[in-house]
Amino acid sequence: MIPVWKLRTLPRTTRLRKTARILQEAELRLDRGASPELSYLASCALLITEETALRASVREAARAVAAWPEQVQRQRQTQPDEALRRALNRLRHCLLETLGEQPAEWDLLLEDRLELDASRRTVYPVEVYLEEIRSPFNVGSIFRSAEAFGVTRLLLSPGTASPLHARARKTARGAVAAVPWRYAPLSCLRGREGVVALEIGGTSLGDFRFPAAGVLLVGSEELGLSPSALALAGGGRVSIPMAGAKRSLNVAVAFGVVMQAWSSRLSADMP
């Protein structure tokens, strides 16, 4: 750990960034069940309270962390609780915002679930075909929702971002290893029954009759499903009703909405 006196001598931006890293390390220690050095954290936080140029909300978050050693002693706690984790997290993100560093999801300290027990999954007879989904973030998010809603397998068209991309894997939170997948040409769906297209201009989600088994087609973020893919959708086209002016959803969000509806109806039909 960098000594507090040395932290004080660093240039302001470097000091704030270093303090954010110190707070992150303390959060990780709490996640592992270890106790962070409360007096050290309090001293680091006190430096922040002295930064009069910072917004009042940042200095208030720092004061909350600085008060923890006294609070723990007063309450005779032997182990810091969840409230400390939240105080550290709040101050860290206040500092990152001050530095102009807005984190993406893969930068957040999410619970580590990168190894999932696939045997515990409830699986429905539904596959998903991703046609030219270019964003690794969207691919990872779709895998995460697919795992949550019991998808049997994902099929990826050539041109779809790899689920093994670092950002896809981070966003998927272990689902890439838990849900079977492979690359496959669109032609592999010829002759398949129950192929459903997620696309605008179809039957409203609330009225759509999902098949008991099938494949959900999900198309490009930019172009939607190709005419060739739509021609295979013998099970119909399902659309999500929207009230906004944009009337548009991120492809991974739209997939999650539709997959939740399909899995709920399959679950209700199970004995």
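This is a predicted model: local features need pLDDT of at least 70, side-chain atom pairs count only at pLDDT 80 or more; totals for chains, interfaces and linings use all residues.
**Exercise 1. How do helices α2 and α6 run relative to each other, and which residues meet?**

Step 1: Find the two helices. α2 covers residues 12-31 and α6 covers residues 82-98.

Step 2: Look at the axes. They come within 9 Å and cross at roughly 155 degrees.

Step 3: Angles over 145 degrees count as roughly antiparallel, so α2 is roughly antiparallel to α6.

Step 4: Get the handedness. α2 passes α6 in a left-handed crossing.

Step 5: Pick out the contact residues. On the α2 side they include Leu 16, Leu 23, Glu 27 and Leu 30, and on the α6 side they include Leu 84, Arg 85, Leu 88 and Arg 92.

Step 6: Sort the contact by class. The α2 and α6 residues divide into 10 nonpolar, 4 polar and 5 charged.

**Exercise 2. Bring in helix α3: at what angles does α3 pack against α6 and α2?**

Step 1: Start with α6. The axes of α3 (residues 38-49) and α6 come within 13 Å and cross at roughly 35 degrees. Here too the crossing is left-handed, with α3 passing α6.

Step 2: See who touches whom. Leu 38, Leu 41, Ala 45 and Ile 48 of α3 meet Leu 84, Leu 88, Leu 91 and Leu 95 of α6. That contact splits into 8 nonpolar, no polar and no charged residues.

Step 3: Now try α2. α2 and α3 pack at about 150 degrees, with their axes 11 Å apart, which makes α2 roughly antiparallel to α3.

Step 4: The crossing of α2 and α3 is left-handed.

Step 5: α2 brings in Arg 15, Leu 16, Thr 19, Ile 22, Leu 23 and Ala 26, while α3 supplies Tyr 40, Leu 41, Cys 44, Leu 47 and Ile 48. By class, the α2 and α3 contact has 9 nonpolar, 1 polar and 1 charged residues.

Step 6: Leu 41 and Ile 48 of α3 turn up in the contact with α6 and in the contact with α2.

**Exercise 3. In what order do the 6 strands of the open sheet lie, and which strands are at the edges?**

Step 1: Start with β1 (residues 126-130) and β2 (residues 153-156). They pair in the parallel sense over 4 bridges.

Step 2: Move on to β3 (residues 181-183). β2 and β3 pair in the parallel sense over 3 bridges. Look for Leu 154 with its partner Trp 181 in β3, and for Leu 156 opposite Tyr 183.

Step 3: Go to β4. 4 bridges join β4 to β5, and these strands run parallel; Ala 197 has Leu 217 in β5 as its bridge partner.

Step 4: Follow β4 to its other partner. 4 bridges join β4 to β6, again in parallel, and Thr 203 has Val 238 in β6 as its bridge partner.

Step 5: Write out the order. The open sheet reads β3-β2-β1-β5-β4-β6, with parallel pairing.

Step 6: Name the edges. These are β3 and β6 (237-239), each pairing on one side only.

Step 7: Neighbouring strands are turned by 35 degrees against each other on average, direction ignored.

Technical notes
Residues are numbered from 1 along each chain as its sequence is written. Side-chain values use heavy atoms; hydrogens and water are left out. Axes are lines fitted to C-alpha atoms, for helices over the stretch in contact, and angles run from 0 to 180 degrees between N-to-C directions. Angles under 35 degrees count as roughly parallel, over 145 as roughly antiparallel, 65 to 115 as roughly perpendicular and the rest as oblique. A crossing is left-handed if the near helix is turned anticlockwise from the far one by less than a right angle, and right-handed if clockwise. Contact means heavy atoms within 4.5 Å. Ala, Val, Leu, Ile, Met, Phe, Trp, Tyr, Cys and Pro count as nonpolar, Asp, Glu, Lys and Arg as charged, and the others, Gly among them, as polar. Two strands pair if DSSP finds at least two bridges between them.
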